[in-house]
Every structure is written in structure tokens, then in C-alpha cells.
Amino acid sequence: MGSATSKCVGGTESGCGQDDDRQPITVTDDIKRRSSCRADNSGENVHCPTCQGTGRIPRGQESKLVAVIPCNDQRLKPRHTKLYVAVSVAVCLLASSLVLFFLFPRSVLLSPVAVKSSFVYFTQNGVQINITNVLKIINHNFVAVQAYNLAVQALNFDTVVGTVSIKSVTFINPLSDNMFSFVIPVNLTDSDVSDYCKKASLPVHILYLHLQMTMTVYYLAHYEQLSLETYEYIDCGANSTIPHSLQPPPP
């Protein structure tokens, strides 16, 4: 007599469940996977054949697999792209404008202020005068300026009567000005001018001097030479410690 084969009929689902519980776990998972694939083939969703629906790529195959994305996928159309590009361009333009604004070279000006004092010495050969002048240096740049090599020449008409040269002048801070005082010795050897300054009968002995100035400034990695011409008058017959303004050059 042959052995009877048990089958699950109709409503006897409990018996089938017991038989399924007695099957090995690996066999059960394989059956579920195959049954799931069959169900998915008949439905709308289909599992990826690479990961078999687990959502994980097998280890060691990352460099061999290629992801395929539809053309209408939102990841290929990032939002606010135009906004990001516009903001980046605006920031670059603003930074460039600020750099040009602050680092663009501006003018450095020389301006005569006054004769601070003058001391007159009478000698046998003429008149010696030590004149202290005040020079104003104006810096319109956003960087500091270093001033070098101030050269001043004093002329009485067309005759050079005094010179002075100063190597290191001063340091001017950004957007500021600085007063610089210097002494120029004037030696009057002409007999007519000397007699005029020594004449006691005159209450005031006015002497006009033509000053020619040159100075070198360094800023923003370049050197620039400045020049200035001005006129001043002094009393060559007596000492003076009263500051007075310099006269502008004639037209």
C-alpha cells in the first residue's frame, strides 16, 4: 500500500500553515522572493534586477554599476539655479568694485601753509637768514603714504640764494594730512640786497623769495614725484617769529 500524500484543500489553511512553518528559512525566503517577483511582473511595480528589491547594491560592484535616471527627473532640474548664478555674479561684481574703489590710486597734494619763523644774521659778506617753513601734505588714498627726498630751492629773482634736501620726510596715514616743518638757509651775498637789508632807516625790509619744491611719495607699490612752486616774503632786516601765509605764485 502506498503512502497517502497530504494536500491542502479549501478552508483547511491551518494545515498548510503548519507545513510552511516546517520548511527551512532559506527555502521560505527564496519562495517568497520568487512569488514576489511573479506578483510584481503582473502588477505596476517592478523590482530592480540588480538588488532584487532589497534596495542595496552588492558589495564590490559599486564601480561596475551605472544608475539610469529619467530625463524628467527633478534631480536633473535643480531649483533656483538662475538665482544662484545671479547672486554669484552680483557678489563677484561687488567684490571687484570694492577692491577697485579702495585700491585705485588717488592724488597726494603739497600745500604751503606759512612761514613759521625767520632768523637774520648780518655778516661782513652779506646776510644769512634761516627760514622755517610749514608744508602740508594731503593724502586722499585709503592706504598710507611715505614721503621721501624733499628738495627745496629758494630764488631771489633769478638767483639761487638757498637750497635744502631732506631724505626721509614723513608718514601720512590714509585719508589724512600731515604738517611738516623744514628750515632753509638763505645766503644773500649781492651787495645791493645786503645793503638794503642792513639799512637802518627803513622800518621794514621786505624780501620776496621764489620757492621750488619737489618730493617723492611711495604708495600702492609705486613711486610718484610731486612738485610745488610758491612765493613768500620775509623781513630781511630783523628777526621774525610771527607766522604769516605764503603768497600764491603769480599767474
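The charged end of R106 sits over the ring of F101, 5.0 Å from the ring's centre; a charge sits over a ring if NZ of Lys or CZ of Arg is within 6 Å of the ring centre and within 35 degrees of the ring normal. This is a predicted model, where local features need pLDDT of at least 70 and side-chain atom pairs count only at pLDDT 80 or more, while totals for chains, interfaces and linings use all residues. Residues are numbered from 1 along each chain as its sequence is written, and side-chain values use heavy atoms, with hydrogens and water left out.

**Aromatic pairs**
- The count comes to five aromatic pairs, where rings of Phe, Tyr and Trp (its six-membered ring) pair if their centres lie within 6.5 Å, and planes under 30 degrees apart count as stacked, over 60 as edge-to-face and the rest as tilted.
- One of them, F101 with F102, is edge-to-face, at 5.2 Å centre to centre and 85° between the planes.
- F102 also pairs edge-to-face with F142, at 5.0 Å and 80°.
- This pair links distant parts of the chain, 40 residues apart: F102 is in helix α3 (residues 81-103), and F142 is in the loop between β2 (127-139) and β3 (145-156).
- Helices (H or I, at least four residues) and strands (E, at least two) are DSSP runs, numbered from the N terminus.
- Ring pairs link F101, F102 and F142 into a cluster.

**Accessibility**
- F101 is partly exposed at 44% relative accessibility; buried means under 20% relative accessible area, exposed over 50%, partly exposed in between (1.4 Å probe, protein chains only).
- F102 is partly exposed at 38%, and F142 is partly exposed at 30%.
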